[in-house]
Amino acid sequence: MLNLFLTRAELALAHRPRKDKEQVRAPIPIRYWLSAQRGHLFPWVPVMLAVGIGFYFSLRFEPSAVALGSCCVACFACAVAARWVGEGLRPLIVALVFVGGGFCLAAAHAHWVKAPVLTWRYYGPIEGRIVKIDTSNSDKPRITLDHVNLDRVGPDKTPKHVRVSLHGDQRWIELQFGQTVMMTGHLSPPQGPVEPDGFDFRRTAWFQALGAVGYTRTPVLEIEGPKTKGVARVYEWRENIGAHIKKTVGGETGAFAAAITTGDRSSIPKGTLDSLRKSNLAHLLAISGLHMGLLVGFIFGVVRFGLIMVPRIGGTHAPKSAAACAAIIGGGIYLALSGGAVATQRAYIMVFVMLVAVLLRKRALTLRAVAVAAVMVLVLDPVVLTGPGFQMSFAATTALVVVFGALRDWNTPQIPRVLKFPVGVLMSSMVAGLATAPFAAAHFNIVSHYGLLANVLSVPVMALLVMPAAVVAALLMPLGLDWIALWVMGQGIDWILTVANWVAQMPNSVGRIPAPQPFVLPLLSLGALVLVLWQLRGRWIGVLAMGVAFIAWANVHRPDILIADNGALIGVMTAEGRALSRAKGSGFVAQVWLENDADVGTQAIANTRGVQSRDGGKTILQHEGVEVIQLSGKKAAAAFNTCHAKQIVVANADLAPNTNCLVLDPSVLRDTGAWALTGVGDTKKWVTVSERVGDRLWAPANKKRDPKGRVSKTEMKNSDQYVRINPTNRP
């Protein structure tokens, strides 16, 4: 059999010109496999870039300058060497170049965005210019500031951006982009993962130059009004358009219309958001590929149809080219008015690439076009690879291109014209839903059982009514006639909200999925890409890889014990689910733990589980013969004197050293982060966040508090910063 295989491989390569004898040639099987990929190798470019980027983020140490320089030199050497190797090895060498390039690109970007990060808890005056307005998870207004000034904090230690949630009475000010404001509030460093292998907000904050987050309960005061120039002028237009839409349409329908037009979701009630999430329609709010595709598709169709009607033009390529140019311009305007979020930028890049293909008279919807868009997105912002937005949008787009391309090439039965659109919508929803379901389940731990039904009933209305009406409203707004199109838009949105509420209230409408192991999504993605991109029977290896990923996910074992990084919350796994040490407090940590467990209970319910005893500030939880003792407050910590080997003591106040048991107090947790007891049987072991993350730019190892981060009052009084930020110095 081997001789037969080699003979066939030699025959397949026999037609090629002979290479120079000094060229390095790959073994015949490798040459045979790679020769079959001719014309199909470019889609592997973003895959190799992603492998390099993913490798950088998976490291537990920060590569040194020497290592990065060596990697860049090696990439250049491989690129040169690719010219002198045979065609069999050349694709492999080029693949290594892109892997190394992705690694260096991610590292360079991480160093490029470097900015100061607060390393201690701060309370005092905060001054800055508003660059973003949104809402927090608790449905509170939230502002992001730049040009930040903090009391007695030197410029070299002041974060570039801070984010503040606004609590209390804030009716005294109308927040606007570009305002310079002041308040008194609490700030702290961005929080690390709430459990080992969990989502690391510090990394996200690092790439956003977000050096501190916090809240204020005092009124926000305006120091200087917004300057309506450049970006501020565009933001002012956004706010005015959003306010006009809300006033004209009214209610939650108007809030939905403003959200899909300007990206402002702050007015949407929390109950409506929950219904949209449970019915798998929340993606209709995020201005991403669906909205951008519908908008540019409508503009493209209208302009092309109008020009086709013009004599002497309709029979040429001009209508198609003009329509593509108009769609590019319209998409760019929509990108600016929607706030330019990352998902919107990614969607615009994708449609831009496809419309340029139309201008060049190439097929727009191809894997090559998707690959070009992916390369552009990864080069501009490598960290998006780790987020659900990038993963879900490109998974859906790739699946749609592959499936509809296969249907186009097959001899499928002709569908009546009347049924083409509904059948197309149904297939699109099914394909996109199946492609994105694993990523949505992994990131959000939720599966909508009737999401396909909700999308089939809602997406056609979004495509045929809502988005076209939004475009028409924009054209009629200068004439004061936009209310007509907005009324039509409101009818479509009312239907979508009705469907969302109906589906969300169905019995068992939502299922919970436990968080997978860190390797599951990369293995699943690579397996799917091999299945889609590889051109020989070896593609079925991808199915095997996907099967291994799903089996591992199905057998995931959640940690038996979880301890929060501040010692304020403990979670112990029981037969009824995870038992939590507190019914209130640390609500975000509790919510994430329960969601990762696929637990539908609340924190209050989890607090009633398991065998517990409470005595003042002392709480005891049992796990397999081990007592987990939580001490809350200084009084309970002061009363602690001894423990034994089968006890674990966790406190939110410093304790005296003890060698008899595991003692976790703030002095320990500050450096280690959250703890988890993982494994099965005899393989159980304690792991910490610091062990999993390692020593990275966004999470330096053994990071100590910096109580000396402030400059002296004498030094500050002699600086302009003190005069500007200290309210007692104001005239």
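At what angle do the axes of helix α9 and α17 cross? They cross at roughly 70° and come within 8 Å. This is a predicted model, where local features need pLDDT of at least 70, side-chain atom pairs count only at pLDDT 80 or more, and totals for chains, interfaces and linings use all residues. Residues are numbered from 1 along each chain as its sequence is written, and side-chain values use heavy atoms, with hydrogens and water left out.

**The whole chain**

- The protein chain holds 26 helices and 18 strands. Both are DSSP runs numbered from the N terminus: helices are H or I with at least four residues, strands are E with at least two.
- Of its 731 residues, 44% count as buried. Buried means under 20% relative accessible area, exposed means over 50%, and partly exposed lies in between (1.4 Å probe, protein chains only).
- Take the contacts in the protein chain with a separation of 6 or more: residues 24 or more positions apart account for 66% of them. A contact means heavy atoms within 4.5 Å.

**Helix α17 and its partners**

- Helix α9 spans residues 270-278. It is roughly perpendicular to α17, because angles of 65 to 115 degrees get that label. Angles under 35 degrees count as roughly parallel, over 145 as roughly antiparallel, and the rest as oblique.
- Angles run from 0 to 180 degrees between N-to-C directions, and axes are lines fitted to C-alpha atoms, for helices over the stretch in contact.
- On the α9 side, Thr 272, Ser 275, Leu 276 and Lys 278 take part. They meet Leu 497, Ala 500, Asn 501 and Ala 504 in α17.
- By class, this contact of α9 with α17 has four nonpolar, three polar and one charged residues. Nonpolar covers Ala, Val, Leu, Ile, Met, Phe, Trp, Tyr, Cys and Pro; charged covers Asp, Glu, Lys and Arg; the others, Gly among them, are polar.
- Helix α16 (residues 451-476) also packs on α17 (residues 482-504), at about 160° and with the axes 8 Å apart. That angle makes α16 roughly antiparallel to α17.
- The contact of α16 with α17 has 22 nonpolar, two polar and one charged residues.
- α16 passes α17 in a left-handed crossing. Left-handed means that the near helix is turned anticlockwise from the far one by less than a right angle; clockwise is right-handed.

**A five-stranded sheet**

- Strands of a sheet pair through backbone hydrogen bonds, either parallel or antiparallel.
- Five strands form an open sheet in the order β11-β10-β9-β17-β18, with antiparallel pairing. Two strands pair if DSSP finds at least two bridges between them.
- The edge strands are β11 (577-580) and β18 (685-688), and each pairs on one side only. Neighbouring strands of the sheet are turned by 20° against each other on average, direction ignored.
- Helix α20 (residues 587-596) packs on the sheet and touches β9 (561-563), β10 (570-574) and β11. Its direction makes about 165° with that of β11.

**Strand β17 in detail**

- β17 (residues 675-678) pairs with β18 over four antiparallel bridges. Trp 675 stands opposite Thr 688 in β18.
- β17 is also joined to β9, by three bridges, and these two strands run antiparallel. Here Leu 562 has Ala 676 in β17 as its bridge partner.
- Trp 675 and Leu 677 point one way from β17, Ala 676 and Thr 678 the other way, and all are buried.
- The hairpin of β17 and β18 has six residues between the strands. In this hairpin, Gly 679 takes a positive phi near 105°.

**Single residues to look at**

- Most residues other than glycine have a negative phi, and most peptide bonds are trans.
- Ser 586 is not a glycine, yet has a positive phi of about 55°. It sits in the loop between β11 and α20 and is partly exposed, at 22% relative accessible area.
- Ala 598 has a positive phi near 65°. Its place is the loop between α20 and α21 (603-606), and it counts as partly exposed at 22% relative accessibility.
- Thr 398 lies in helix α14 (residues 388-409) and is buried, with a relative accessible area of 17%. Not counting residues up to four places away in sequence, Thr 398 touches Leu 367, Val 370 and Val 532.
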